[in-house]
Amino acid sequence: MKRRTCLGLAFALLGTASMAQQAYPSKPIKLLVPFAPGGTTDIIARVIADPLSRELGQPVIVENKGGGGGVIGAQETARSAPDGYSLGIATVSTTATNPAINPKIPYNTLTDFTPVINIAATPNVLAVNPKFGPTDYKSFEDKVKNSKGEFSYASSGTGGIQHMLMELYKNLTGTFITHIPYRGAGPALSDTVSGQVPMILDNLPSALPFIKDRRLLPIAVAAPERLAVLPDVPTFKEVGLEPVNRMAFYGILGPKGMQPEVVEKINVAVKKVLQDPAVRQRIEDTGSLVVGNSPAEFADQIKNEYEVYRKVVQDQKLTLE
């Protein structure tokens with residue numbers, strides 16, 4: 001009799017757990033953007049939030065918590081309950097470049113998160129001020145290789161993707177270009193446009209308006225293939241630098257320990273949202289490419305990006321000082 005009671009209790013608990021999973025979500029979901037409002041990360045989060053709310057049947061509320069190059073917001077997501085109601089937007093900066101260079105980062109990018117889906121990826125572009133001289137990759141390479149280290153480049157700050165991607169370029173080409181870190185991509189771009197610094201490796205969406213106005217000249221793009229908006233500009237792969245052909249990404253993750261059923265439900269819902277032509281268009285209008293992969297594929301991508309930039313840090317002997 002006692003055994004029957006125990007079995008009955010076990011089945012009841014399993015049934016309750018199953019119902020709980022099926023009921024997800026039963027309350028609003030927070031989607032934390034680890035940067036201030038207005039940037040590409042924030043835009044993409046807000047583009048998918050409303051249609052994702054409709055798909056899941058509960059509000060998806062975007063919250064911004066900037067600071068520390070995205071680390072503060074990412075830390076909050078890592079420390080949240082793994083119930084699927086606290087999600088965050090993951091970027092290369094929060095999951096790869098900053099963890100690679102900062103030994104004191106308050107989370108382990110490979111073990112403290114549950115990857116859900118990569119929403120989109122954004123090409124990067126190496127661009128120069130017109131006064132710098134080169135107008136194509138070959139002339140750019142010749143000029144920087146023959147220099148004696150007198151040239152510099154601007155970035156959004158030490159440990160960001162602009163900094164680390166340019167250091168990867170330097171490592172592969174054996175060139176020396178001085179890093180000038182700024183407090184954000186906006187000031188770095190502004191000083192490149194004004195000629196205070198001759199070059200920048202920036203996200204395409206922010207650099208493109210200046211490229212269209214001929215206030216910056218594109219030299220090479222980090223993208224799978226040539227871009228329709230810059231058809232005459234080669235990819236880094238085309239110029240023999242395939243490892244630099246890395247894009248920024250914007251994905252969704254949660255804290256470690258999320259139930260696979262919940263992860264799958266969110267992944268499927270986001271994929272349905274990304275099939276909407278209006279959503280795809282809004283994402284593509286930012287200069288990004290829609291991705292929509294599996295949790296395992298996104299986990300592999302995060303690991304790969306981290307390992308690439310960790311090697312850059314070691315090879316270039318980079319520190320936060």
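This is a predicted model: local features need pLDDT of at least 70, side-chain atom pairs count only at pLDDT 80 or more; totals for chains, interfaces and linings use all residues.
Which helix gives the largest share of the lining of the second largest pocket? Residues are numbered from 1 along each chain as its sequence is written, and side-chain values use heavy atoms, with hydrogens and water left out.

The helix in question is H8, which supplies 3 residues to that lining; helices (H or I, at least four residues) and strands (E, at least two) are DSSP runs numbered from the N terminus. A pocket is here an open set of points on a 1 Å grid over the protein atoms alone, where a 1.4 Å probe fits, with protein on both sides within 12 Å along at least five of seven lines, and lining residues have an atom within 4 Å of a point. The second largest pocket holds about 290 Å³ of space, a volume being the space filled by probe spheres set on the points, which are joined across faces, edges and corners. It is lined by 16 residues, with Leu 204, Leu 227, Val 229, Gly 287 and Leu 289 closest to its centre. Its lining comprises 9 nonpolar, 3 polar and 4 charged residues, where Ala, Val, Leu, Ile, Met, Phe, Trp, Tyr, Cys and Pro count as nonpolar, Asp, Glu, Lys and Arg as charged, and the others, Gly among them, as polar. Because domain 1 (29-122 + 248-316) and domain 2 (124-244) both contribute lining residues, this pocket lies between them; the domain bounds come from an automatic or database assignment.

Turning to the largest pocket, about 1100 Å³ of space is found there. Its lining counts 43 residues, and Phe 35, Ser 93, Ser 156, Gly 184 and Ala 185 lie nearest the centre. Among the elements that give two or more residues are helix H3 (71-78), helix H6 (161-173), helix H8 (204-212) and strand E10 (248-255), but H2 gives the most, with 4 residues. The lining divides into 17 nonpolar, 23 polar and 3 charged residues, and at least three come from each of domain 1 and domain 2.

In E4, 10 of 10 residues are buried, that is, under 20% relative accessible area (1.4 Å probe, protein chains only).

Note on methods
Buried means under 20% relative accessible area, exposed over 50%, partly exposed in between (1.4 Å probe, protein chains only).
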